[in-house]
Structure formats: C-alpha cells, structure tokens
Amino acid sequence: MQNHRVVVTGLGVCSPNGVGVPAFKEALENGKSGIRFYRELEKLKFSCQIGGMPLISEAVKAKYFTPLQLRNFNAAGILYGVAAGVEAWQDAGLAVDDEQCDFESGTIFGVGTLGVDKYRESIYKVDEGNTRRLGSTSVQQTMSSGVSAYLGGMLGLGNLVTTNSSACTTGTEAIFMAYERIKAGKATRMLAGSTSDGGPYVWCGFDALRILPSKYNDNPTQASRPMDAHASGFVPGCGAGALVLETLESAQKRGATIYAEILGGHSNSGGQRQEGSMTAPNPVAVKRCITAALSDSGIAASQIDVINGHLTATAKDDLEIQNWSEALGRSGVDFPYINSLKGMTGHCLAASGSIECVASVLELKHQFLFPNINLQNVHPEIEKVISTSRIPTQKTDLNFNILAKASFGFGDVNCCLIFSKI
Amino acid sequence: MSQDIYPKLKEIIKPYLPEDVNPDAISPESHLVTDLNINSTHLVDIVLDVEDAFDITIEDDELDNMETVTASIALIEQKLATR
C-alpha cells in the first residue's frame, strides 16, 4: 500500500510567553521570556520560586468553554490543551459538526501530569469523609485522557481519540504517532499535541531533585540558559501545543494553508542501559533515534539545516550537542543551526515537545530562526564541538528547507521528527 | 413555603441547562432529564447545590424523588420541615 504524505495545516499554542499563535510568534521573534516569580512557591519554601505559566484571561476561557463546563473546573492542563487544540482546529479552517462525528479525524493528545489541582481538591474532600460532595466532573478532570476526551467531544472526533505519556518526550511522540497513523492510511486527519499542568504540585518533585535553578528568584527572565556556561538547571514550565496533521491530498483538496511537511521520524528508548538511567539518556539510543529518523525521512544528514534541540539548560546540554554531532557526522561550522525554546519558556515538561514543534513549524513557514536568549558564554564543552556561529542569539532570517526536532524524557525515551518546507 | 423554594430552585437548575434550552422552559411540571435535557450526571451537582442553598442533606436513595421540579420542591419542603 502506498504511504500518504503528511502535512501540517493548523497550529495552536498556550505558552508561558504567548497564548495563541500570533502572540507566540511575536514572542519568538522578539526573544520574549515567559518566566516569572511566583509568591506561592516562595511561601511553600521552594528552592526555585520561578516558573513559566501561560497567562489565560477569562475571555480566553469563555471562548473555548461553556459556563457549565467551567463550573467546578480546576484542571489547568485541560484548559491549556483545549485552548491550543481548538485554536489549531480553527486555524486549519476545519468546521465542527454538532450532529455527526467525523470518523476520518482523531486526536493523540499527550499529558504528563493532568488535573493535579482538581485531584488535590478531591483528596481533601475524600480524607474528610466527604466523597459524595466531589461533584460529577472529578473523574473527567483527573483521568490522564481527560484532555483528549474534552477535545474529542468539542470537535466531534470519530477516529482514534487517545492520550500518550512519555515524560518530556510526550509532545513530540504524540505528533510522531499521529503522523504514522495518517501515513498508514488509518486516519485522514489528526489533532496532535500535548499539555502539562504546572505549579507547585507538579514542579515539587523536580525541586526535590535539586535540578532547578535557585539563584534567579530575583531575576526570573535570565534563569533559563540553555547551552550557556552558567546554565544551572531547567526552569519548570507548563502549557500546551497542538498541530493539525493531515494527508497532503486532503489538505490540497480543501485548499488548506500548508505550514510544513513531516518527512518522517523515529522513537526509541535506551533501555536505561549503558550510560542511560531513569533520568539520563543512553547516548547510543539517542544517536540511533536521530539516524533512524533521517533514514525514515529519506534524507542525508547533510540536508539538515536547523535543529530545534531538547536542550533544557542542565549539565546535560553538552552531551546532547555531542550526540547530535556524532549522529549527523557534522561539527564546527559544518554543524546545522541550533536553538532551544526553553530559554524563553522554561521546560514545559510533557508540553515541551508540542510547543517546540509549533515554534519549529513557524520558523520553517516564515523562514527565520528565533534567538537563543540568555546565552552569554557558550558552554566550553559545547564550543569544542560546534562553532558558536551556529547558535544564533538574535532573530535571524534564513532561507532553509529542513528542520530536525528531538525530545528526550525520563525513562530514557527519545523521539525525533523531521519537518520540511513545502 | 413552595413559593420561596421554586424561584431558588430555578436559579440552581439554570446553569445546568444545555445551551439550546431556554431558562423560560423551566416549569413546575418539568422533568429535569427528559424535558429539560439536563445531562443525568449533573443531577448529583444539582443535589449538592440544593443541599448548600437550603442547608439540608439529601440521601442517595432520595435522588429518585428529584426527577421533576415539583417532586424536588416537595422533597426540599419535607427536609426543611424535619430539620
């Protein structure tokens, strides 16, 4: 059977530095940080009292939810996911049929931790012996698939409606799995994306791991420093990103705006063997994931123009650069341009991959590179491998064709996608 | 007493109406699910709102007595009388 070509026709985003694609694109171009100080984290004695959370107005809430849906609603991840998902659907020019479901359209919408605030509220009531007072919506707000369930109903999706979860790889993996489903002819169109709750009850475990920066509470916008010599940990974030993927035939038939094509990708795991562990990547698997994505896409390593890295601003950034360099067989000035969105947004955890894919697709469509912010001195180990000229610190207009995006997550899981201009 | 309860109950029911049902459609005879099209899972929310508004407790086996507006008013009256 002939494989279908898969293109991106809609984008939606709920990012700490911009809610909605127009605001997000402007933030990318201007290198705008979405990192803020949170008094609540200070009160709770967190070491890291800063983070990235999308600023959602009541007007945005009312745009996507009915007053009834907002009654007793306390699941930020669903709010972010629905705002991004419905925006992407509308951006793709797709209508919603209130009567019939569409068996050709589905969603894979990933989460890490979902409905934490609602869950916390429920736990208090349960422990007080007040389970009967939870109300009717605590299940749908706290189940992992809550976000895909809300979106499926709002959009009338009749194909696969599910949620994936693979830590910080989640978003990129959701897009890869949706791509595979369309390519194989099992769906015409998929809403692919991911979302993550934020705040103290999500970020606490990372604070306890002492992997968040603690010296920037007075200076939040400068805390997230991917590839910098003074990178001191990732800044926790949250939000959601969403892409509408569909067959090229369907997009052309509808006369839809095509943002980019997905040429291929790969996902794998390092099995927590060799140097891999629950929290560290096995470099053998990372490199294999990248090279397998290239061969799946039918392109050579030399054709990669730009890399959107995972690059979280921890001590692992130099290892990631090393892995890219070895996988592609390219170094110094021959290395592709590379950037990391996390300087502006922090690490949006399960949402990072999808938000960063939205950024990548905008870069391809509008032919520019967003700046790596807070990069004053490139880490010496990185400078040994690649030329600093490949790491733009200003917005750069660039004619280019192919961008590679990878995400890596706890559990030693990897995913790499190859996007092309069309 | 029921004259006081009816408008209060109407206000409680209103937010649970589907978007295509006008609040004017609420009448004493209305069946919450079949006439007003309220999603049956929301009946537990209406019970909680009624409990809060009238400071009463409605037992699980009494939910069947809240199917219509009139039946709900009768149950609330009975609860208030025995409080």
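## The main core

Of the 113 residues in the largest nonpolar core, the ones touching the most other members are A:Leu191, A:Leu243, A:Leu245, A:Val361 and A:Leu417. (A nonpolar core is a set of buried Ala, Val, Leu, Ile, Met, Phe, Trp, Tyr and Cys residues joined through C-beta atoms within 7 Å; a residue is buried with 20 or more other C-beta atoms within 10 Å of its own, exposed with 12 or fewer, and partly exposed in between, C-beta atoms being placed from the backbone.) Helix H5(A) gives the most to this core, with 10 residues. Domain 1 (6-260) and domain 2 (265-420) of chain A both contribute, so the core lies between them.

Keep in mind that this is a predicted model, where local features need pLDDT of at least 70, side-chain atom pairs count only at pLDDT 80 or more, and totals for chains, interfaces and linings use all residues. Residues are numbered from 1 along each chain as its sequence is written, while chains are lettered from A and ligands numbered from 1 in the order in which they are written.

H5(A) covers residues 76-91, and at 1.5 Å a residue its 16 residues should span 22 Å; the end C-alpha atoms are 22 Å apart, which agrees. (That expected span is 1.5 Å times one less than the number of residues; helices, H or I with at least four residues, and strands, E with at least two, are DSSP runs numbered from the N terminus.) Since 15 of the 16 residues are buried, H5(A) is largely enclosed by the rest of the structure. After the helix comes A:Gly93, with a positive phi near 75°.

What is the angle between H5(A) and H8(A)? H8(A), residues 146-155, packs against H5(A) at about 40°, with the axes 9 Å apart. (Axes are lines fitted to C-alpha atoms, for helices over the stretch in contact, and angles run from 0 to 180 degrees between N-to-C directions.) Among the residues making the contact are A:Gly81 and A:Trp89 of H5(A), and A:Tyr150 and A:Met154 of H8(A).

## Two domains, side by side

Chain A is divided into two domains, with bounds from an automatic or database domain assignment. Their C-alpha centres lie 21 Å apart, and 58 residues of domain 1 are in contact with 57 residues of domain 2. (In contact means that the C-beta atoms, placed from the backbone, lie within 7 Å.) On the side of domain 1 that touches domain 2, the largest share, 8 residues, comes from H9(A).

Definitions and conventions: Contact = placed C-beta atoms within 7 Å.
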